[in-house]
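Here is a short briefing on a structure, arranged by topic. Look at the ligand site first, then at confidence and domains.

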Amino acid sequence: MMSELEIRNLTKHYGETRVLHPVSLSVERGEFVTILGPSGCGKSTLLRILMGISEASGGEIHLAGKRLDLAPPEARDIAMVFQSYALFPHMSVAKNLGFGLKMKNVPKDERAKRIAHVVDICNLHGLLDRMPRQLSGGQQQRVALARAVVMQPSLLLFDEPLSNLDAKLRDSLRHDLVALHRRIGTTSLYVTHDQAEAMAMSDRIVVMNAGRIVEIGTPLELYRSPRHVFTAQFLGQTNLLTVEASGTGGRLPWGQVITLDRPATGTAQVSLRPENIAIIADENGVATVSSVAFLGATLFYTMEIGTLSLKVSQAGGVDPLSVGTRVSFDLAGPVHLLDHLPMAEAA
Amino acid sequence: MSVLHRHRSLQLLLLLTPGVGYLLFFFGTPLLSALVGSFQLEDGTFTLNWYQCIFTRASTLRGLSTSIYYGTMPVLLSLTLSVPLSLLLRRSFLGRKLFSGLYKLPLAVPGIIVGLMVIVVFERGGFFDRLLAPIGFTLPKLVRDDWGIGVILAGAWKQVPFMTLIITSAFAAIPEDIRHAARSLGASRLKTFLFVDIPLAMPGITAAILLTFIGSMSSFAIPDIVGPPTARPLSVLMVQEFKQGRFEQVYAMGMVLSLFAIIVLLAYYSLTSRIGHDSRKGEQS
Ligand SMILES: Nc1ncnc2c1ncn2[C@@H]1O[C@H](COP(=O)(O)OP(=O)(O)O)[C@@H](O)[C@H]1O
Ligand SMILES: [Mg+2]
């Protein structure tokens, strides 16, 4: 069976510069998938090709079993929420919401019904007569969302829709978005460079870097057992260390012997999350605290072991250790071994 | 000094004097003296005679309608050329940079040269005529013809760059995302153009229309050289009167022409402010 959205070997280059190396991805019906990657890695390019604004240099796209990439944007049954909101500044909120339905020749009473419905689910009561410039950023983004949702498209695209909002608003809109997706169940592809956003919202995350898909997985999989160094570093904080492995045993640079979560031989790389290191003050410890940051819910330390420095985090309920304290530490559970893959083969 | 400190408005007035005074003196004074002159007989007594002449004599009435005709037609022609040209300039094509530099050239050419060029190129026995003669075509009468086709062509040739410049920047000011949003919501290229690009570029387009209208209504060189002798616009008639020393009549004609320009400008302001008001209030479909 074919997935709802199938992207096969999509490439894009501008002259000599390759912006997308062959990218393949399938999204199931009703899934919320996030494309996560640093700025400039080709996320927007991918969305623009899906929308039909930009032409792919190669590859195919299928949506709901039909070839998509040959149709013009207006015939694609895809709606998009833009980072800039892209509301029509010369139309009231009501007209913005009705524009797409009018273009698709939806009859007037059906139009009214669907607008009333999105006004309800996007909480736009009382804003219908306003012009876009009379709305706050959060309200504008809710209108942009409603304008896309009212189309009842097969696929919803989001290009960093929350990145122009302040932190608090971003959090609350993120929750609204998740609740909305649960309610309408539209297949969604969401682009962001914010790993916290990706972790909080997604069924699956597609990690992208430099025009390639690095790795795909659920937030839990990617956080706990990433295959690639890039993923380990991009999702949350981590300590990357080399070990001398033999079977499931490994020796850290300072001689400590640990258990690995998979067997390996020779030199290998592990990812050790800061929260999996437990430290206690110990005059005979091998490490020294070199910095402390109190972030409320967590305490964040760096500690030095010889020439290496490790990041450690701790629940913020205890009194912080002061800089210069000698500490010893325990590692919780087996340490995660990363794959030894060069970038190009990671996908 | 203490008087100045106590009266802020007086202080302000003094501060504004250099700027406002300059405007008042160099624009207001000539306009005022022309206005006063247009209501005076040679001996200084009040009269409406000069205005009466304009609105009763056949030649000046014809002049008024010709002025409006020469104001309107080149603008319409330029508009039908400038909008597609602006759209073309928005796309990227080979040689776009060169083209966008070249199309502005007519901006630098004075009206009188444009008029002479039209004569050289389009007059019977001129450049095109001689070019077409061997293959058995003759050019229709385009110079000093009854419909003023030559005037309209010359005027448009001069206006297209200016109009294109303004309309191009009006289109360029529309964010790309907004157009893309329209496309993804089911609007074809044409509908996106009609419902998104045009309304958003409208202030720029209207400004371009009005400015070129006022310019071409009061232009002298082109209609004088290329226009038919049967229909002379007010601007040309004014110069004729001037040469005969009837300054009061010239003033009155100038006032009528200015009044016309002012009415058009006021119409523009009320139109744009109403659009602004409408969009502020919003309307439901
Ligand atoms: N029109 C273009 N011409 C050349 N390079 C482009 C063009 N558009 C985008 N790029 C390049 O493509 C890369 C990916 O851009 P984009 O998809 O916008 O990244 P992201 O959305 O992940 O930040 C960037 O390096 C950018 O410079
Ligand atoms: Mg982007």
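How many Å lie between a backbone N or O atom of A:Cys41 and an oxygen atom of ligand 1? The distance is 3.2 Å. Note that this is a predicted model. Its scores are ipTM 0.86 and pTM 0.82.

**Backbone contacts to ligand 1**
- A:Gly40 places a backbone N or O atom 2.6 Å from an oxygen atom of ligand 1.
- A:Gly42 has a polar backbone atom 3.1 Å from an oxygen atom of ligand 1.
- The protein buries 55% of the 560 Å² that ligand 1 exposes when taken alone.

**The shell around ligand 1**
- Chain A residues surround the ligand, including A:Tyr14, A:Val19, A:Pro38 and A:Ser39.
- The shell also includes A:Gly40, A:Cys41 and A:Gly42, as well as A:Lys43, A:Ser44 and A:Thr45.
- By residue class, the shell splits into 4 nonpolar, 5 polar and 1 charged.
- Helix H1 (residues 43-51) of chain A supplies the largest share of this shell, with 3 residues.

**Domains of chain A**
- At the contact between them, 13 residues of domain 1 of chain A meet 15 residues of domain 2 of chain A.

**Confidence in chain A**
- Chain A has a mean pLDDT of 92, and 98% of its residues reach 70 or more.
- Strand E3 (residues 32-36) of chain A has the highest confidence in the chain, at 97.
- Helix H9 (residues 343-346) of chain A has the lowest, with a mean of 40.
- The pLDDT is below 50 over residues 342-347 of chain A, a stretch with 13 contacts in the model beyond near neighbours in sequence.

**Confidence in chain B**
- Chain B has a mean pLDDT of 83, and 93% of its residues reach 70 or more.
- Among the elements of chain B, helix H9 (residues 176-184) of chain B has the highest mean pLDDT, 95.
- Helix H1 (residues 2-6) of chain B has the lowest, 59.
- Residues 277-285 of chain B stay under 50 in pLDDT, and the model has 15 contacts for them beyond four places in sequence.

Methods:
Residues are numbered from 1 along each chain as its sequence is written. Chains are lettered from A and ligands numbered from 1 in the order in which they are written. This is a predicted model: local features need pLDDT of at least 70, side-chain atom pairs count only at pLDDT 80 or more; totals for chains, interfaces and linings use all residues. Side-chain values use heavy atoms; hydrogens and water are left out. A residue is near a molecule or strand if one of its heavy atoms lies within 4 Å of it. A polar contact is a pair of N or O atoms within 3.5 Å; within protein, one must be able to donate a hydrogen and the other to accept it, and residues adjacent in sequence count only if both atoms are side-chain atoms. Accessible areas come from the Shrake-Rupley method with a 1.4 Å probe; for residues, only the protein chains shown count as cover. Helices (H or I, at least four residues) and strands (E, at least two) are DSSP runs, numbered from the N terminus. Ala, Val, Leu, Ile, Met, Phe, Trp, Tyr, Cys and Pro count as nonpolar, Asp, Glu, Lys and Arg as charged, and the others, Gly among them, as polar. pLDDT is the predictor's confidence in each residue, from 0 to 100. Contact means heavy atoms within 4.5 Å.
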